[in-house]
Amino acid sequence: MSEIELIWGSGLQSFKFGLGQFRALQENVNRRRLAIGAPPVGPMDLVEQLKAKNVWPDDLRDILRLGLIGGGMSPRDAHLEMAQSFDDTPPVEHVKPALSVLLAGLVGPPSETVPDDGKKKTIAKAAPSTSA
């Protein structure tokens, strides 16, 4: 369960998906599905849905919001970031960042690393949000 940095929303953001984020994600996505009689899904199901660009907007939002919180942002600030950078934008532009965040939590970040003061730090770039 690794941290990843993406240029997303208002700038360079740290995202991390640990066990707490996975539990919260599972609760949120499956509560919505069970409410309409749909079968529950797991994280790998979400990965496949993200790859197919056939994911629910609220699932995208939850992945990014929970990843921001896992990366150290306060829940309040994560909510504000989502309201500013996600809520009034087309959901499809958030698929790639959400996939990167979820995969970093499941299998680790991409292998590309750059030195940062003698430490290796993974930096992935996603298209910046077009929201104001």
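1. A polar contact is a pair of N or O atoms within 3.5 Å; within protein, one must be able to donate a hydrogen and the other to accept it, and residues adjacent in sequence count only if both atoms are side-chain atoms. The side chains of Glu5 and Ser14 make such a contact, at 3.3 Å. Glu5 belongs to strand S1, residues 3-8. Its relative accessibility is 9%, so Glu5 counts as buried (under 20% relative accessible area; exposed is over 50%, partly exposed in between, with a 1.4 Å probe and protein chains only).

2. Some ground rules. This is a predicted model, in which local features need pLDDT of at least 70 and side-chain atom pairs count only at pLDDT 80 or more, while totals for chains, interfaces and linings use all residues. Residues are numbered from 1 along each chain as its sequence is written, and side-chain values use heavy atoms, with hydrogens and water left out.

3. Confidence comes next. Mean pLDDT (the predictor's confidence in each residue, from 0 to 100) is 87 for the protein chain, and 83% of its residues reach 70 or more. Residues 120-132 are a caution: pLDDT stays under 50 there. The model has 35 contacts beyond four places in sequence for that stretch (contact means heavy atoms within 4.5 Å).

4. Now the fold. The protein chain has five helices and four strands (DSSP runs numbered from the N terminus: helices are H or I, at least four residues; strands are E, at least two). Their order from the N terminus is β-β-α-α-α-α-α-β-β. Among contacts between residues at least 6 apart in sequence, 64% join residues at least 24 apart. Of the 132 residues, 42% count as buried.

5. The structure holds seven salt bridges (a side-chain nitrogen of Lys or Arg within 4 Å of a carboxyl oxygen of Asp or Glu). One of them pairs Asp59 with Arg32, at 2.8 Å, N to O. The pair links distant parts of the chain, 27 residues apart: Asp59 is in helix H3 (residues 57-70), Arg32 in helix H1 (residues 19-35). Asp59 is buried, because its relative accessibility is 0%. Arg32 is partly exposed, at 22%.

6. Helix H3 also holds Asp62 and Arg65, three residues apart, about one turn of the helix. Their side chains meet in a salt bridge at 3.3 Å, N to O. Asp62 has a relative accessible area of 7% and is therefore buried. Arg65 is buried too, at 19%. Salt bridges that share partners join Arg32, Arg33, Asp59, Asp62 and Arg65 into one network.

7. Glu48 and Lys51 form a further salt bridge, at 4.0 Å, N to O. They are three residues apart in helix H2 (residues 43-51), so about one helical turn separates them. Glu48 is partly exposed, with a relative accessible area of 46%.

8. Last, the surface. The protein chain exposes about 7200 Å², with carbon and sulfur atoms supplying 55% of it (areas come from the Shrake-Rupley method with a 1.4 Å probe; for residues, only the protein chains shown count as cover). Met44, Leu106 and Val107 form a nonpolar patch with about 290 Å² of accessible area together. Patches are made of residues with over 30% relative accessible area and no salt bridge; like charges are joined within 9 Å, nonpolar side chains (Val, Leu, Ile, Met, Phe, Trp, Tyr) within 5 Å. Leu106 sits in helix H5, residues 95-107. At 32% relative accessible area, Leu106 is partly exposed.
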